[in-house]
Amino acid sequence: MLIFFICITILLLGYKFYSPFVEKQAGINPEAVTPQSRFNEGVDYVPIHPARAFLIQFLNIAGVGPIFGPILGALYGPVALVWIVLGNVLGGAVHDYFSGVMSIKEDGKSLPEIAGHYYNVVFKGFMLVFTAMLLFFVGVVFIMSPAGLLSNLDVFKDTFLANNTFWVLVILAYYFFATLLPIDKIITKFYPIFGLLMIVMTSMIAIALLIDAPHLPMAGDFLAYFNDDHAHDFLAPNPDGLPTWPLLFITITCGAISGFHSTQAPIIARCLTNEKYVRPVYYGAMMCEGIVACVWALAGIAAFPDGYAELKAMLDQGGPGLVVNHVANSYLGVFGGIMAIIAVAVFPITSGDTAFRSLRLTLVDAFNIPQSVRNRLLLAVPILTIAYFMTKLDFTLIWRYFAFSNMLLSTSVLWLATKYLFDKGTFHWIASIPAVITTAITFSYIMTAAIGFNLSADWGKPIGVVVAVVGLITLAVVHHLRQKNVA
């Protein structure tokens, strides 16, 4: 129980004390005219109250990411909580914050346009390809997972509602309207409600676990994890032999650090009425997602009487969605069952539609397409048609590419934030050190993953170490040269 409270306290202290320091480096100007004020066109540039903007941003980035990822990460034990908390405070929240800062400073533009401004056309093209790829994967994943859940509900058994294709088409139809319509027609009206539902559900699960969980980790258990079972190796493999480095860090992205969040930044950056709201909206939403991730990692670690074996068996049987259903029903009864359906059906849909909306905005910015109704239709129809055919592919294949592109994009955004801070002459290390770490994770993963070079897992750690050392030396040299030129 103490470990959980320490994790939550670190996240809260990070927002209280570290985020103002990060904000100080960003050059926020409360007197600046925001993109919303300059381009208010009633479709994407629409004023939103900061509290509502926070709830929308929180739901956009959260979905089922900080639920499913930490449940899978719980297979690695308490080290999952370490990664969530440190990754969030030092990496994820900084990543999300600068995604919002750079977008609002650049007229609410999407990442590829910002990359072209701060680097060059080559990096802009790279960011365009991977941003579009990630948004497609997110959208498709969040069509397939809720459709699969809804079609398999017992209440729909032996009816036409048990047809997976039916639900795929229903979700696609909703995505069509959410992508096409002005932001204040659907998203600003309903998403704050669903955001509050996620907060309520997470709070109730946390309280229930702390009152009665079979294996609630105490301080002694936490220390024993590193002193006994995993002696001499902080990054030892989990009981099935899966290497913690780099797989844990790829498994838990949402809650720790996720490139997908940066693709959502322009949606709200176009709607904020003052730059001073960037920190509570972006940094605050990511901190809250970290809390959600800690709760569900704790559920995976502590909620099963037979521990790891029972969690693994349930994941093999029905994936993290089945775990959510089991935990919610076990601890919250009938109400929990309803909340579980909302969590694994509605929440991913609210991330999927904004993924496709962000893809539309990215293409609009890249090719300077005027946002008439006709042009929005010409973008939305082919995007969603391709997405429909992608739902026919193997879900696990889509998920693997999603996980890799997610970490790769977050790494790219941190390097983009590093360049932003370099140009301002402020403390770039808040972005550059996390960028080095995520670069090492990304290289280790692609070198050892089946979708990459498929090297032995034993290569993962040395590759990560070499990349990190080279990155830090390069940064130190560049920093020294910059200081010398300034002097």
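Helix H12 runs over residues 260-269 and is mostly covered, with 10 of its 10 residues buried.

**Ground rules**

I note that this is a predicted model, in which local features need pLDDT of at least 70, side-chain atom pairs count only at pLDDT 80 or more, and totals for chains, interfaces and linings use all residues. Residues are numbered from 1 along each chain as its sequence is written, and side-chain values use heavy atoms, with hydrogens and water left out.

**Whole chain**

I counted secondary structure next and got 18 helices and 0 strands. Both are DSSP runs numbered from the N terminus: helices are H or I of at least four residues, strands are E of at least two. The radius of gyration is 22 Å, close to the 23 Å that the globule rule gives for 487 residues, so the chain is as compact as a globular protein of that length. That radius is taken over C-alpha atoms, and the rule is 2.2 Å times the number of residues to the power 0.38. Along its principal axes the C-alpha trace spans about 60 × 60 × 40 Å.

Of the 487 residues, 58% are buried. I put the accessible surface at about 19100 Å², with 69% of it belonging to carbon and sulfur atoms; areas come from the Shrake-Rupley method with a 1.4 Å probe, and for residues only the protein chains shown count as cover. Among contacts (heavy atoms within 4.5 Å) with a separation of 6 or more, 82% are between residues 24 or more positions apart.

**Cavity**

A cavity is a set of points on a 1 Å grid over the protein atoms alone where a 1.4 Å probe fits but cannot get out; lining residues have an atom within 4 Å of a point. Grid points are joined across faces, edges and corners, and the volume is the space filled by probe spheres set on the points. The largest cavity holds about 40 Å³. Its lining is Ile61, Ala62, Gly65, Phe142, Cys254, Phe260, Ser351 and Phe402. I sorted the lining into 6 nonpolar, 2 polar and no charged residues, where Ala, Val, Leu, Ile, Met, Phe, Trp, Tyr, Cys and Pro count as nonpolar, Asp, Glu, Lys and Arg as charged, and the others, Gly among them, as polar.

**Arginine 279**

Is arginine 279 buried or exposed? At 19% relative accessibility it counts as buried. Arginine 279 lies in helix H13, residues 278-302. Leaving aside neighbours within four places in sequence, I list its contacts as Tyr15, Ser19, Pro20, Glu23, Tyr97 and Gly284. Glutamate 23 is 256 residues away along the chain, yet the two C-alpha atoms are separated by 7.0 Å.

**Backbone checks**

Most residues other than glycine have a negative phi, and most peptide bonds are trans. I found a cis peptide bond from tryptophan 245 to proline 246, omega near 5 degrees. Proline 246 is in helix H11, residues 244-251.

Aspartate 107 has a positive phi of about 65 degrees and sits in the loop between helix H5 (79-105) and helix H6 (111-118). Aspartate 107 is partly exposed at 26% relative accessible area. Aspartate 158 also has a positive phi of about 65 degrees, in the loop between helix H7 (121-151) and helix H8 (164-180). Aspartate 158 is exposed, at 75%.

Notes
1 Å grid on protein atoms, 1.4 Å probe; cavity = no way out; pocket = protein on both sides within 12 Å on 5 of 7 lines; lining within 4 Å. Buried < 20%, exposed > 50% of the residue type's maximum accessible area, 1.4 Å probe, protein only.
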